Amino acid sequence: MAQDVLNALTLGSLYLLFALGMSLAWGTIGILNFAHGSIFVFAAFSAHLLVQEVSLPLPAVLAVGVLVGAVLSLLVQVLAFEPIQRRATDHRKAEMQILVGGIGIAIIPLAVAQYATRSVPFGYSASSFRVSTWDWGFARVSNVQLVTLVAAFGLAGVIGWWLRAARPGLALRAIGVDAEVASMMGVDRRRLALLTMAVAGGLAGLAGVLLTYYLGSIAPETGDAFLLKAFAAIILGGVGSIAGVVLGAMVLAGIETLVLVTTSGTWAPAIAFGVIFVMLLVRPNGLLGRQEVRRT
Amino acid sequence: MNSWYFSHLVLIQSTFISFLLALSIQVPLRAGVFSFAGVGSYAIGAYAAAILTIRAQVAPVLAIGAGILVAAVAGWLLALLVARLSGLYLGMATISFALFLGVLATNGGELTGGATGLYGAISTLTTTHVVVVSVLVALLLAASERGAYGRRVDAVREDPHLAVSLGIDVTRVRRRVFVVSGALGACAGGMNSLLRTTVSPETVGFHLVVTALTMIIVGGALSWAGAAIGAVVFTWLPSVLQFVGEWQLVVYGVVVAAAAVWVPGGLLGLVQDRWHRWQVRRRRIPAEGATAPVADVPADAEQQLAALGGPAAEARP
């Protein structure tokens, strides 16, 4: 029982790291990045390539993942999303173009990783870091699990505090409420958007590396599944709410673990879809989301 | 010609089926409804046709027709459920509906054949039937894009509030769009499983959503012709791209991303734009050569204005 709870918390933390940046970007600068899953996989894959050459310790591998994720995310923003937002005539069309553009871009790094690995799962067996497990009597905990839990909750806390208390955080939230009024108040939208996308990509890279350590190896196709689960977590908690993402990721992981433990597990993939559908019908703003004000 | 036809039969068939599937997303998109329910209907149609053909050995018309009926009803019910949603939220809800059906098929046990799916759905459906149905559908949609009805749908897409104030029943248009999308998707799915004689849960995944969407975006989302262009391009692209070998998928991704960023109207939009510009220029050229009557320009507009009792020049800011 305690073991199941711990596993659910670890899975939830991985969902959280992945979904945090997506939720931040969607809730503030209005970008729903469909290439997020692809960035996540490619960051983990780049770290794998480097580890094959040089035997690196854990912090270095994590740093490589974060860096690759952030750079890829920035590239996507500069090369695709910025031109779309600049050219689009209205908000709805821009939203859809960003979605399709993200889907298109997502294919590219995924194809490169699939080509290089021949779709065989890859891992960090060459890394100098060894996964070790402690038996605490009621549950067995690995060092990767501890790192994941601390990283996820710590980063969610830091980002939540930054959004609430720091001036740039306030500016970012202002963009989320009304982008035009925010820029009239002297908010540099472009710089904040780039910062948000870099943070989102870095978090995705971190999640990718940690997931690979946790599972031992991942296949390039993992990104798509994570993308849909992150949607479920975000919509469950409420778009743009940091506490909401934390709650959403943990609840989703909890339900999934429960279903996996109590049934044969073939229904587990349906949970995310069921959660998205039911939440959108019953409470489209999520459990902790703010009420959307519509003036039209 | 004949040998070419037989060696490319599978590609020709899948072009028409992709066309119908793409239409099942293009029709709602044209009315401004961002729905992927057509992919779910594809699953409904594919399984209904396969089950009826294998268990009851009914004629293909009945097997596909039953799937279309079920999917149309499902589309109508879904439209009632998601009436409050719009934009990305609607997209997400309908994607999860479609993918949920895929999981349902995996867990269907005897009826759907579980993870391995169903096989041996042999019927009398031929390529000619598929082509006839596709042409018929295209004609009907082309008719619906013209005249008063077409303009009404345009109004619903461009500005739903304005459309309501013009007396257009927006909710009804949206519901109708869901039903048509369901029928089209089920038709594509049913014909696909009868032509291939198999269906499995892998047929309905996220990749199907991506394929259908990319066809419309690259082809052009505002007309059935865009879906046709997209279906042709993406069905034949892999065989054209053989020279790039392993990098096919990369080229595919670049094409989709570039289309989304620079050509939001799709290939059809690009062609229409060029055609329109050419028409404008053609109309202008003879006008330059002709001696058009030039109205007398008043020598001093200011004086005339003053004579008429208009405001004097000094009074203006």
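How much of residues 204-237 of chain B is helix and how much is strand, and how far apart are the end C-alpha atoms? Over this span the chain is 82% helix and 0% strand, with 21 Å between the end C-alpha atoms. Helices (H or I, at least four residues) and strands (E, at least two) are DSSP runs, numbered from the N terminus.

## Basis

This is a predicted model, in which local features need pLDDT of at least 70 and side-chain atom pairs count only at pLDDT 80 or more, while totals for chains, interfaces and linings use all residues. Residues are numbered from 1 along each chain as its sequence is written, and chains are lettered from A and ligands numbered from 1 in the order in which they are written.

## Chain A

Chain A has 11 helices and four strands. Its C-alpha trace spans about 55 × 40 × 35 Å along the principal axes. The radius of gyration of chain A, 19 Å, agrees with the value near 19 Å for a compact globule of 296 residues; this radius is taken over C-alpha atoms, and the globule rule is 2.2 Å times the number of residues to the power 0.38.

Of the 296 residues of chain A, 49% count as buried (20 or more other C-beta atoms within 10 Å of the residue's own; exposed means 12 or fewer, partly exposed in between; C-beta atoms are placed from the backbone).

## Chain B

For "transmembrane region", an unreviewed UniProt entry lists several spans of chain B, including 88-106, 204-237 and 249-271. UniProt positions follow the numbering used here, feature names are shortened, and annotations may be inferred rather than shown by experiment. Residues 249-271 of chain B are 87% helix and 0% strand, and their end C-alpha atoms lie 26 Å apart.

Helix 5 of chain B (residues 87-106) has 20 residues and reaches 30 Å from first C-alpha to last, close to the expected 28 Å (1.5 Å times one less than its number of residues). Of these 20 residues, 16 are buried.

## Interface

In all, 35 residues of chain A are in contact with 32 residues of chain B (C-beta atoms, placed from the backbone, within 7 Å). On the chain A side, helix 4 of chain A gives the largest share, 16 residues. The residues on that side divide into 25 nonpolar, six polar and four charged; Ala, Val, Leu, Ile, Met, Phe, Trp, Tyr, Cys and Pro count as nonpolar, Asp, Glu, Lys and Arg as charged, and the others, Gly among them, as polar.

A:A80 lies in helix 3 of chain A. A:A80 is buried because 23 other C-beta atoms lie within 10 Å. Leaving out residues up to four places away in sequence, A:A80 touches A:G101, A:I105, B:A257 and B:V261.

Definitions and conventions: Two residues are in contact if their C-beta atoms, placed from the backbone, lie within 7 Å.
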